[in-house]
Each structure stands twice: as structure tokens, then as C-alpha cells.
Amino acid sequence: MKKKVLRKGLLVVLLAFATFLLPHAPVLQAATTFTPYDDFSEGVIDSALWNNYEFVREIDNGRLWLLARSANGSTGPISNTLKFGGDVDPSTITTITATITPHQFDYGDPENPTKAMAMVGGRFYNDGTSSGPGDCTGDIIGQIGIGYTNGSPTVPKLFCSVSRFNSSDCSTTDPTPLASAVWPITVSMDTPYTVTVAWDQSTSTFTATYSGTTKTYTASGTIDPPRSLFRGLYTKVLNNTDESGGKAGFASAYFDNVYTNLSSDPYDDFSADYIARTKWSNYEFVRAIADNHLTLFARGFTGAVTENTLPVAAPNNVSAIQATVTPGELSSDGPAGLKPFIYVGGRFFNDGSAGDGFEGDIGAYVGLKRTSDGLYYIGKWKVVRFTGTTMSDFEEIAGGESKKVLPPNQSKSYNLSVAWDGTKFTFVGNKETFSFTPKTYMANATVAKAPFKGLGAMIIDQPVPGDTNIHEAKAMGYFNNVMIATSYFLTADIAGSGTVKSGPAGINCSNAGGRCSAPFLPNKQVVLTAKAATGWVFNRWYYVSGADPSCTTKTACPITMTEATGPTEMRAVFSQDPTLLVSPASPKNFGNVKVTSTKPGVVTFSVTNKTTKGAVPLTVAVSDPTIVSGNAGEFTRQNDNCTTAGTVQPNKKCTFQIAFKPSSVADGKHATITITTNDPSALTKTIDLWGNGK
């Protein structure tokens, strides 16, 4: 990788937060216990720890370097592309010539190899099977380059192919290409190969050329425009075919001297320092490890949010993340509208919004940015709420900057961390700690729709009114010594009126609709205790999500926080007085009663006004039995002082009897009675009666 990307300690700043930024928030001591997560000493991104793969797309010593590495068990393809675009309509490019220098290929697992390749080509037509715009099914790609083929999966070949996409998102092609050919040469690493691929619309013919030797394929049938237009240069790692996915694959190559449409002038010889915005539709992007640190580099232009991230593989149980961050380049060539930012942070919870995508997710980040005049670095923390379906749709709901600014010629790295304890965010920079409590967004809080904890380099586009010029910005950071705090979030909410507290402390919810959550250490037993408000009674625990701890109707619910149980949400259900309790409970079976007996089977039922504070009388009315299966008159109501009195005082009871006198021999005689009350949770209660006539 080029020196300007991986040289550590180029431009570093000491981030100095100032306490006046949060005048209403106390300065807290950091209590989070971090454990080592990754020091990037493995030399490659560890797919067990991180969700992304390695990419390099940059100009290096007058050549374009494209690198793509998949992960162990990945289900690619993993593709790193440079697409024709900018001021050029890619549909007008029908011939592409380029010099490809394969640098390093790795097929991963010899028994189940990946297919690593470096190619030039594109999607040139559709065979008519697409369902419409955006559906890539039936798009046809013609390409030529270096790679592993099905016939020789561990030896790189110079080959060409024509393949048909069979997925709407262009992720997979038919198992057998429409056409393919291999040149009878030995491919060597770090050796240049000049190749050409061409599409002749008038004859529907692909032509691939190397060293004067051509291979052709003529299409037949429907020739429609491609549904997903792409023409350019790329490295790619195709996934393995078995369920395990095999080991990681690797494709690294240099591209140079690109010519199009048989022009004698080069389209791009990559002699500029950066990828030309006027010629290509995507730009520099680096996510790779070297010298025991991770480099994240993103370059973008006016009109979009550009972000390069390395996400933690399992973010749900990560409550805090910390890293050593060294800024490499934070720059913008225009007004303050483009804001490069390198950071540590993520999306921690959702405010309960019902929309699609990211809507309602709450993110918190701490990092480094440039001052508005571009001369200095400055510390920045922020909390944002995402408002739409993409990362570019967000609003900042809280934030602050350090008062002290430093010129970008310092030589120190800086430790940054963000922690979430279920009620507040804590930001740490150097020896100062700040907190922000997003109270407005907590009433209906739930897990994030797109949970993310990780590292990032981002360019935020906030257009300046009246400025119609196109500007560019670069954000580069070096990251090391990543640490995380692992905890399992327990959430409690309330139906009815009461409180729920946890031991140890962390959860303290009250009132109807109350909801709160807190992280707890692994293997920690947490006891949720419910207490009814005046005029209410605790009814039961209701398991909402996570692993069911099988809590009983007792007010104390013990939960041991493990990977299996967290995150867990429990609901405490409270009922308002009066509360109906009927004994014996439904169903009631009278058993066998002889038809010839002069004495019926009799059961006495009690109706209790079960209250804790004795606030409200219970109104009661008992219906006559309704025969479901049997003969009329076999079940009768008698001695009913409940209906006669009409009310039951708090913590008192009334009784009534049901008599069963079968008139015929038969099993499964069935009737029901209905008890009507003013219990808000049981305005009517049905009791099933069963018996057998013998």
C-alpha cells in the first residue's frame, strides 16, 4: 500500500474536550471496564471479530490498485470495482483496454477453493428475462482478465467469459457461463498483461483479445439494454459452493493505461494523485491492515455521504467501544459543507419509530474533525437520530466540540471511547468524561433496527446555500488497540401502574407505559422486582423477547445474564382494583354422577375481590348455565349470594353453587357459566363445567 495511506504518525492531534460544552451534565468518572478486542496484529481483518472485508481502491505509484479479500466462511461475491462515470456516460463505452498486473492471489482452501480474479469488463445487454428497471436478472457480463477458473481452481489463468446473472441484485450468475476460453500461457504474479474486451451492438458479438489472439461469442435472441449498467475494472473473490464457505480468498492487482473505444489517447493512465472525479463514478476507499494498525480512508464529493466503516461482528451485546486513533488526513477543498470525520461509536438503540430502514435508531460517536477554516483539528462528540432508510438521513440531537484546537502537526495518537449504560451515553476523550441522557427518545426505546458498533471514516455533506460547485473531501484514520465492554441488555416495561426495579441497580421504571433498560455483566444474576401502585395489584410477568426466564407470578423475577438470555425484555403486568379471583378455576369437572341417584353433584364456587389496598368494590353477576353438550336442566345454579348481593367488598368473597344432575347416561356433558364484573382485566369470565352421566 502506498506510503501516504499507511504511514502512522503523519498528522495527529490531542483531543481536548472542555467541560463548558455540557453545562447541565455532570463530569463523570469513566466506570466502564474494557477488555482487549483486536490489536490488528493478525495482518488481516478477522471475520470472527469484524463484519467487513478488506478493500483497497487507490492510485499507487502511477497505477490503480484494487484489492479484495473475503472472510472465512463468507458468502460473496466480494467485489472491488472502479466504474466508468463522472462526466462520462458509461453506456457509450463499448471497448475497454487495460494493463492488468496480478500482484497476489490466494484461493484460500485447496479442497474448496475460492475464485479470485482481476478483470476488465461490464454488463452490456439483457436477454429479456428481467422484470424491469433495477432487476439484474438476465444481464450479460463480458470480461477478460486473470483468475482461477473452474477447470483449474488453484492455478491462475488468463481467461475470458460471458456469463448471465440469475439474481435481481447481480450477486450470482448461472453455474455454467454462456462462453469461456483460456489462453495457453503461464500467468506470473507481478507481470503485466494487456487485454481488451469489446461489445459490438450491431452484430451482438463479444470479442476478447490478448497479444493478438481473439476469442468471440455472438449472442442470439433478445438484446435489450442492461438493467444494471456497469463497465469498468475490478477484482473479485467468488464464494465457495459448499455451506461452510471455506477459507478466505484474496485478489490484489494493479491496473494501468486504460483505453476506451479504440481511441489512441489513454482514457486514464492514473498519473494523478487521486482517482479522477470526471472519469470514474467511485473514488479512493481503503480498509486494510498493515504495520499492526487498521487504515480507514474515504474520499467523496459534494452530493452524498461517504462512509468507510469496520463494524463489530456481534454488536448487540457491545455496550462500549474504545480505540487508539491517529488521524492521517482530514481535508476539504471547499466551504464548510463537506465535513471529514474519523470516529469511534455506533447505533445503540431505537426510539420506537415504526418506519423502515434506520428510522429511529440513535447513534453516538466521538472523533476528530477539522475546524471550519481547515487549519486545525478539533474534538467532536455527537448523538444523532436517523430519520430515513439510509445512513445519510439523520439529524444531530446533541453534540459538542472542544474549545482547544491544535495544528495538524502533532505526533500523538488519541484514545476515544463511547459507552451506553441504558440511560445515558458517556464520551471519553483524554482524561475528561462527559455524558448525555436522551430522555426524549427513551419512552418507547427498543433494540436498534441496524445495530452497529465500530470504527469509521466519514465525509458528511451539508451543502452551503448558494454554492453550486462540486467539492471533495478526504477522511483518513489509523486505528489500533480496540477494546470493548460486553454486557447483556435487560429491558423492563410496565402494563398498568406500578414500578419495576433491578438488583443490582440499573433498572428503575414506573407508571403506565414505563420502559427502561440497562446493561449487566455476563453471568450476573439480576432480580427484577415489581411493586403495584395504589389501587393496583401485580398480576404476572410477561416475556416479550429474548430467552424466556420462566418467571412465575411472584413479584421477584431472577434472570442470569448470558449470551442465551440477553438481550431480554420482560413486562410487569399490573391489574387495577377490583380484581376477580374465582375458585375453583375453570374448567371444573364433576366427574361421574349416577343417573339413578337422588343427589346431584354440587360444587361451591367462591368469587373474591382480591385487592391489595382495598379501594374498589367488585360488582358480580352470575349467569345461569348454558348447555353446550348434554340436556337442558342438567347443570343448575343455586344458593347464589353473589348475584343477590351484587357487590363484593375489597378482600371479601361471595359464593354460589352449581349442581349437576345428569338425565341420561353419557360422558362429556358440558356447560358454561359467565361471571360479569367490573374488573378492568376481566369484565367477563367464563367457567367450563364438565361431567359424566353413569
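Predicted model: local features only at pLDDT ≥ 70, side-chain atom pairs only at ≥ 80, totals over all residues.
Me: How many disulfides are counted here?
Reply: The count is three. A disulfide is a covalent bond between the sulfur atoms of two cysteines.

Me: What makes the pair of cysteine 136 and cysteine 170 a disulfide?
Reply: The S to S distance of cysteine 136 and cysteine 170 is 1.8 Å. The cut-off is within 2.5 Å, so the pair qualifies. The link is right-handed, with 100 degrees about the S-S bond. Cysteine 136 and cysteine 170 lie in distant parts of the chain, 34 residues apart. Cysteine 136 sits in the loop between β6 (115-126) and β7 (139-147), and cysteine 170 in the loop between β8 (157-164) and β9 (179-182).

Me: Why is cysteine 170 called buried?
Reply: Buried means under 20% relative accessible area. Cysteine 170 has 15%, so the term applies.

Me: Why is the disulfide of cysteine 642 and cysteine 654 called right-handed?
Reply: The torsion about the S-S bond of cysteine 642 and cysteine 654 is about 105 degrees, so the disulfide is right-handed. The pair links distant parts of the chain, twelve residues apart: cysteine 642 belongs to helix α2 (residues 641-645) and cysteine 654 to strand β43 (residues 653-660). The S to S distance is 2.0 Å.

Me: What makes cysteine 642 and cysteine 654 buried?
Reply: The relative accessible area is 1% for cysteine 642 and 5% for cysteine 654. Each value is under 20%, so each residue is buried. Cysteine 160, at 7%, is buried for that reason too.

Me: Why is lysine 669 called buried?
Reply: The relative accessible area of lysine 669 is 4%. The limit is under 20%, so lysine 669 is buried. Lysine 669 is in strand β44 (residues 666-677). Beyond four places away in sequence, lysine 669 touches several residues, among them Phe635, Phe660, Leu689 and Trp690.

Me: How do you know that lysine 669 makes polar contacts with glutamate 634 and serine 664?
Reply: The contact between the side chains of lysine 669 and glutamate 634 is 3.1 Å, and that between the side chains of lysine 669 and serine 664 is 2.9 Å. A polar contact needs N or O atoms within 3.5 Å, with one able to donate a hydrogen and the other to accept it. The two values are within that distance, and both are listed as polar contacts.

Me: Why are strand β29 and strand β32 said to pair?
Reply: Six bridges join β29 (residues 498-503) to β32 (residues 525-532), in the antiparallel sense. Pairing requires at least two bridges, so these strands pair. Valine 500 stands opposite alanine 530 in β32.

Me: What makes β32 and strand β34 a pair?
Reply: Five bridges join β32 to β34 (residues 556-560), and the strands run antiparallel. The requirement is at least two bridges, so β32 and β34 pair. Threonine 529 stands opposite alanine 556 in β34.

Conventions
Residues numbered from 1 in each chain as written. Heavy atoms only, no water. Helix = DSSP H or I, 4+ residues; strand = E, 2+ residues; numbered from the N terminus. Buried < 20%, exposed > 50% of the residue type's maximum accessible area, 1.4 Å probe, protein only. Contact = heavy atoms within 4.5 Å.
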